[in-house]
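Let's take a walk through a model, one piece at a time. Keep the sequence and the 3D view open while you read.

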2 protein chains.
Amino acid sequence: QRDTQGRCRCQDGGTDVILPKRIQRLEVFPPSPSCPNVEIIVTLKDNRGQKCLNPESTFAKNYIKRAIKKRSAE
Amino acid sequence: QRDTQGRCRCQDGGTDVILPKRIQRLEVFPPSPSCPNVEIIVTLKDNRGQKCLNPESTFAKNYIKRAIKKRSAE
């Protein structure tokens with residue numbers, strides 16, 4: 001069960017998809033005393049702010065996997 | 001070939017392992033006009049600063065995979 005209380009940064013499950021070309025930075029916060037959930041916060045390009053990304057979403061998993069793979073293939 | 005020039009944040013390949021319990025936050029920067037590499041920057045707990053993590057390292061891949069999985073299993 002997702003804990004939406006306390007000092008979590010994301011107060012809902014987060015969005016399931018974000019256009020990759022809009023992503024400037026992706027932050028992963030492991031569970032901590034202030035929040036029991038893993039949280040992923042994406043900073044958008046062009047000062048369009050931040051969005052919570054659902055860590056359970058297929059997009060989140062694939063995006064991170066792809067990002068790491070792409071780096072390795074260079 | 002890794003591009004260590006330009007405005008990359010990590011001027012070397014980065015460390016291969018960081019103790020998970022020391023990790024406060026992990027940032028993934030996709031390739032961009034300012035740096036052609038995927039870069040992973042880890043912020044350490046207790047104000048111990050930041051470290052570049054080698055995106056190619058087994059640790060980096062497994063840590064991120066595990067973090068996402070752990071979230072889903074809750």
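First, some ground rules. This is a predicted model, in which local features need pLDDT of at least 70 and side-chain atom pairs count only at pLDDT 80 or more, while totals for chains, interfaces and linings use all residues. Residues are numbered from 1 along each chain as its sequence is written, chains are lettered from A and ligands numbered from 1 in the order in which they are written, and side-chain values use heavy atoms, with hydrogens and water left out.

How much does the predictor trust its own work? The model scores ipTM 0.82 and pTM 0.84. Confidence in chain A is highest in strand 3 (residues 50-53), at 97, and lowest in helix 1, at a mean of 77.

Now the layout. Chain A has one helix and three strands, where helices (H or I, at least four residues) and strands (E, at least two) are DSSP runs numbered from the N terminus. Reading from the N terminus, the order of elements in chain A is β-β-β-α. Chain A has 74 residues, and 43% of them count as buried. Here buried means under 20% relative accessible area, exposed means over 50%, and partly exposed is in between (1.4 Å probe, protein chains only). The areas themselves come from the Shrake-Rupley method with a 1.4 Å probe, and for residues only the protein chains shown count as cover.

Next, the charged pairs. Side chains of opposite charge can pair when their charged atoms come close. For a salt bridge, the cut-off is a side-chain nitrogen of Lys or Arg within 4 Å of a carboxyl oxygen of Asp or Glu. Across all chains, the whole structure holds six salt bridges.

Start with Arg25(A) and Glu27(A), whose side chains meet in a salt bridge at 3.7 Å, N to O. Arg25(A) counts as buried because its relative accessibility is 19%, and Glu27(A) is buried too, with a relative accessible area of 4%. Which partner does Glu27(A) find on the other chain? Glu27(A) forms a salt bridge with Arg25(B), and the closest N and O atoms are 2.7 Å apart. That pair crosses between chains, running from strand 1 (residues 23-29) of chain A to strand 1 (residues 23-29) of chain B.

Over on chain B, Glu27(B) and Arg25(B) form a salt bridge with their closest N and O atoms 3.7 Å apart. Glu27(B) has a relative accessible area of 4%, so Glu27(B) is buried. Arg25(B) is buried as well, because its relative accessible area is 18%. Put together, salt bridges that share partners join Arg25(A), Glu27(A), Arg25(B) and Glu27(B) into one network.

Time to move to the surface. Where do positive charges gather there? Lys61(A), Lys65(A), Lys69(A), Lys61(B), Lys65(B) and Lys69(B) form a patch of positive charge. Patches are made of residues with over 30% relative accessible area and no salt bridge, with like charges joined within 9 Å and nonpolar side chains (Val, Leu, Ile, Met, Phe, Trp, Tyr) within 5 Å. Lys and Arg count as positive and Asp and Glu as negative, while His and the chain ends are not counted. The place of a charge is taken as NZ of Lys, CZ of Arg, CG of Asp or CD of Glu.

The elements that give two or more residues to the positive patch are helix 1 (58-73) of chain A and helix 1 (58-73) of chain B. Take Lys61(A), which sits in helix 1 of chain A. Lys61(A) is partly exposed, with a relative accessible area of 30%. Lys61(A) and Leu19(A) are 42 residues apart in sequence and 14 Å apart in space, C-alpha to C-alpha.

On chain B, look at Pro20(B), in the segment before strand 1. Pro20(B) counts as partly exposed because its relative accessibility is 36%. Pro20(B) and Phe59(B) are 39 residues apart in sequence, and their C-alpha atoms are 9.6 Å apart in space.

Last stop: the loop between strand 2 (39-44) and strand 3 of chain A, where you'll find Asp46(A). Phi of Asp46(A) is near 60 degrees, a positive value in a residue other than glycine. Asn47(A) is in the loop between strand 2 and strand 3 as well, and its phi is positive too, near 55 degrees. Asp46(A) is exposed, with a relative accessible area of 62%, and Asn47(A) is exposed at 80%.

Notes
pLDDT = per-residue confidence, 0-100.
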